[in-house]
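Please read it with the coordinates open.

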Amino acid sequence: MYGRNHFGRLVNYPTPSHVSLNSRPMSFTCPPAGCPPHLALIWPLIWLQVLALRLWVRTHYGRGQLFRWAVTPTGYVYLDALADIADPAPARDL
């Protein structure tokens, strides 16, 4: 899901896999719905920053970590939030 944070920046909110979005998918050549026109022009550069951020999160927190990223009005991508997910299967005492 996409929206704006309290600074007015475009934000990508993590979406559970069972939720269906009516917006078009994001890719290298297709910016998300609601992307401002001045950012749509540089979307491939933004997408590469998102991929680099995803790689950094996977390296430091693991593959399943949910995170939210945002874009500044000038096109810089930054990490907005990390989901604090508890371990779904706690260790059993033996």
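The points below go from overall fold to single contacts.

1. Ground rules. This is a predicted model, so local features need pLDDT of at least 70 and side-chain atom pairs count only at pLDDT 80 or more, while totals for chains, interfaces and linings use all residues. Residues are numbered from 1 along each chain as its sequence is written, and side-chain values use heavy atoms, with hydrogens and water left out.

2. Fold. The protein has 2 helices and 4 strands. Their order along the sequence is β-β-α-α-β-β. Helices are DSSP runs of H or I with at least four residues, strands are runs of E with at least two, and numbering starts at the N terminus.

3. Burial and surface. The chain has 94 residues, and 26% of them count as buried. Buried means under 20% relative accessible area, exposed means over 50%, and partly exposed lies in between (1.4 Å probe, protein chains only). The protein exposes about 6,700 Å². Carbon and sulfur atoms supply 61% of that area. Areas come from the Shrake-Rupley method with a 1.4 Å probe; for residues, only the protein chains shown count as cover.

4. Contact range. Take the contacts between residues at least 6 apart in sequence: 40% of them join residues at least 24 apart. A contact means heavy atoms within 4.5 Å.

5. Core. Which residues have the most contacts inside the largest nonpolar core? They are W43, I46, W69, V71 and V77, in a core of 13 residues. Such a core is a set of buried Ala, Val, Leu, Ile, Met, Phe, Trp, Tyr and Cys residues joined through side-chain atoms within 4.5 Å. Helix 2 and strand 3 (67–71) are the elements that give two or more residues to this core. Helix 2 gives the most, with 6 residues.

6. Aromatic pairs. A search of the whole structure finds 2. One is W43 with W47, a tilted pair at 6.2 Å centre to centre and 40° between the planes. Rings of Phe, Tyr and Trp (its six-membered ring) pair if their centres lie within 6.5 Å; planes under 30 degrees apart count as stacked, over 60 as edge-to-face and the rest as tilted. Both W43 and W47 sit in helix 2 (residues 43–61), 4 residues apart, about one turn of the helix. W43 is buried at 1% relative accessible area. W47 is also buried, at 11%. W56 and Y61 make an edge-to-face pair, because their planes stand at 65°, with ring centres 6.1 Å apart. W56 is partly exposed at 39%, and Y61 is partly exposed at 45%.

7. Nonpolar patch. F28, L45, L48 and L51 make a nonpolar surface patch of about 360 Å². Patches are made of residues with over 30% relative accessible area and no salt bridge; nonpolar side chains (Val, Leu, Ile, Met, Phe, Trp, Tyr) are joined within 5 Å, and like charges within 9 Å. F28 lies in the loop between strand 2 (10–12) and helix 1 (37–40). F28 is partly exposed, with a relative accessible area of 40%. L45 belongs to helix 2 and is exposed at 53%.

8. At 68% relative accessibility, T29 is exposed. T29 and W47 are 18 residues apart in sequence and 8.7 Å apart in space, C-alpha to C-alpha.

9. Salt bridge. How many does a search of the whole structure find? It finds 1. R68 pairs with D80, the closest N and O atoms being 2.9 Å apart. The criterion is a side-chain nitrogen of Lys or Arg within 4 Å of a carboxyl oxygen of Asp or Glu. R68 is in strand 3 and D80 in strand 4 (residues 77–82), 12 residues apart, so the pair links distant parts of the chain. R68 is partly exposed at 23%, and D80 is partly exposed at 25%.
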